Amino acid sequence: MQKESNALSVDERLKVAEYVASNPVEFISENFEMSEEQQAYLRELELVDIRVTGFSLAIGFLGQVPIEMQDTTPPSTFAARGKKKKEVSANISTTTNPQTGSTSVTGLIGIKWTW
C-alpha cells in the first residue's frame, strides 16, 4: 500500500488523510491483517485513543511516512488474561525551504499492541 499511496497526488493524499483521521478503525481494518481479537480490541478503544491514532496516521499518510503495525505475543497464559495496551509513536519532521516554498516530511508512524 505504501507504494500506491506515494503515487497519489497531494490532493488525493489529502482526501485519504481526511478519511484516515475521521475513520482510523476502518482504515486499519481495511489495510492491515488482524485477528478477530485484535479487531474487537480496536473497535473498543476509547474515543481519545481513536482520535490520536487517526490524526497520527493521517499525518504519516500525508507526509508519505511508512506506517508499521506491530503485535507482540503474550509471553504466558497469565499475560493473555491481562488487558492489551496500544502505543502510538509518531516521529515526524517537516522542513520548509523558504526560497521555493516546498515542504518535505520525514519520519515513522508506529502502532504497537502490547500485553
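**Exercise 1. Describe how helices α2 and α5 pack in this predicted model.**

*Solution.* Start with the geometry: α2, which covers residues 10-22, packs against α5 at an angle of about 165 degrees, and the two axes lie 7 Å apart. Next, compare the angle with the cut-off: angles over 145 degrees count as roughly antiparallel. The two helices, α2 and α5, are therefore roughly antiparallel to each other.

**Exercise 2. Which residues of α2 and α5 meet, and how do they divide by class?**

*Solution.* First list the α2 side: Arg13, Leu14, Val16, Ala17, Val20, Ala21 and Ser22. They meet Arg51, Gly54, Phe55, Leu57, Ala58, Phe61 and Leu62 of α5. Then sort this contact by class, which gives 10 nonpolar, two polar and two charged residues.

**Exercise 3. Check the span of α5, then look at its burial and at what follows the helix.**

*Solution.* Helix α5 runs over residues 47-62, which makes 16 residues. The expected span is 1.5 Å times one less than that number, so it should come to 22 Å. The end C-alpha atoms are 22 Å apart, in agreement. For burial, pick out Ile50, Thr53, Gly54, Ser56, Leu57, Ala58, Gly60 and Phe61. After the helix comes Gln64, with a positive phi near 55 degrees.

How values were computed: Residues are numbered from 1 along each chain as its sequence is written. This is a predicted model: local features need pLDDT of at least 70, side-chain atom pairs count only at pLDDT 80 or more; totals for chains, interfaces and linings use all residues. Side-chain values use heavy atoms; hydrogens and water are left out. Helices (H or I, at least four residues) and strands (E, at least two) are DSSP runs, numbered from the N terminus. Buried means under 20% relative accessible area, exposed over 50%, partly exposed in between (1.4 Å probe, protein chains only). Axes are lines fitted to C-alpha atoms, for helices over the stretch in contact, and angles run from 0 to 180 degrees between N-to-C directions. Angles under 35 degrees count as roughly parallel, over 145 as roughly antiparallel, 65 to 115 as roughly perpendicular and the rest as oblique. Contact means heavy atoms within 4.5 Å. Ala, Val, Leu, Ile, Met, Phe, Trp, Tyr, Cys and Pro count as nonpolar, Asp, Glu, Lys and Arg as charged, and the others, Gly among them, as polar.
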